[in-house]
Amino acid sequence: MMAGPHRDKSGSTGARSAGTGATGTGRRRLLAGGAAALAAFGLTSACDAQAAPPDAAPPKGPKPRGSTVVDVVADFGAKGDGRTDDSEAFEQAYQYAASRIWGNVGRTVIDVPAGSYLITRPAALLNGTDPGKKANGLRFRGAGKRMTEILFRPERAEDAYLCRNEDQWANLMFEQMRFRSGTPGASFFYSYSTGQAQDYRFTECEWMGEWTYGLALDGSNTNSEMRWDACRVGGKYRKAFLYSGLSERSKNKRQQDQFLNYWFNDMKVEYEWGNFLEFPYGGSITCRGGSYIITGRRPESEEYGRTS
């Protein structure tokens, strides 16, 4: 079994440096072999929207093989130089994590070492579009919010989200990373839920650049219990950093009543223009500590929405 990143006695892991020799290649071959073995066993999750809750489903098939902790540089070949398109490396990292879902539990930590990673393809970081394969737990771990940067530069901004979770994942964690929009009007995260998508955690993360949405919440149930700790919200927002009640796919647009429990702790909300929070259907929000400063003014154009 492939070993994960070096872990010190305290239990924390350090970000690995990029490897271009045989070691990195060997790691990638082992990961590919693990994914192939999973496919050969036909490992799937049997839980659907009508079945028992995901955390109650008994594991089926063999336990997934491969490392619990993977590195987008050493294992999947990302460059992190701000110029090379690393979309494929992140797509492969996510596919590997999704292949290791067992008993509706995600079993992978994805390390993103220091560097600037250019992503041009939407949903390359998170592509949770298989609601028949529900899972709890996926963790993205950077080296620091000014050290690990994801630069999202899709060809078109319209409906381009860096992350998509469509009723597949609960308990998602993003730690010590900066997210920057390189295409004005792109969006960070689309979350659609009829009961599964919930419990997101952002720790020491930062958002910069011009976005349409930071997080856009859609659906009719849950999309709740989300927490931001010691994060910085910078940049610009044509709509809002957190928009609750998008109603694009809700089966009952009037039923947007599950947007509950959003916690912002020790935040630096210091952005140029737009809305920080927009909740047209209401919601429960708690802010503890930090600062709130708007440094600019929204352009006078319908393209940029309005301040509410």
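Start with the aromatic rings: a search of the whole structure finds 29 aromatic pairs. Rings of Phe, Tyr and Trp (its six-membered ring) pair if their centres lie within 6.5 Å; planes under 30 degrees apart count as stacked, over 60 as edge-to-face and the rest as tilted. The model is predicted, so local features need pLDDT of at least 70 and side-chain atom pairs count only at pLDDT 80 or more, while totals for chains, interfaces and linings use all residues. Residues are numbered from 1 along each chain as its sequence is written, and side-chain values use heavy atoms, with hydrogens and water left out.

Select Tyr161 and Tyr190. Their rings form a tilted pair, 5.5 Å centre to centre with 55° between the planes. Tyr161 lies in strand E8 (residues 161–166) and Tyr190 in strand E10 (residues 178–194), 29 residues apart, and the pair links distant parts of the chain. Helices (H or I, at least four residues) and strands (E, at least two) are DSSP runs, numbered from the N terminus. Both Tyr161 and Tyr190 are buried, where buried means under 20% relative accessible area, exposed over 50% and partly exposed in between (1.4 Å probe, protein chains only).

Next, select strand E15 (residues 236–244). Of its 9 residues, 7 are buried. Strand E12 (residues 206–221) pairs with E15 in the parallel sense over 6 bridges; two strands pair if DSSP finds at least two bridges between them. Leu215 stands opposite Leu242 in E15. E15 is also joined to strand E17 (residues 273–278) by 4 bridges, and these two run parallel. Here Lys236 stands opposite Trp273 in E17.

Now move to Gly235, in the loop between strand E14 (232–233) and E15. Gly235 counts as buried because its relative accessibility is 8%. Its C-alpha atom is separated by 5.6 Å from that of Glu210, 25 residues apart along the chain. Not counting residues up to four places away in sequence, Gly235 touches Trp207, Met208, Gly209, Tyr271, Glu272 and Trp273; contact means heavy atoms within 4.5 Å.

Finally, select the largest nonpolar core, which has 58 residues; Phe174, Trp207, Leu215 and Phe241 are among those with the most contacts inside it. Helix H2 (residues 87–99) supplies the largest share of this core, 7 residues. Apart from it lies another core, of 8 residues, among them Tyr161, Tyr190, Tyr213 and Tyr243. A nonpolar core is a set of buried Ala, Val, Leu, Ile, Met, Phe, Trp, Tyr and Cys residues joined through side-chain atoms within 4.5 Å.
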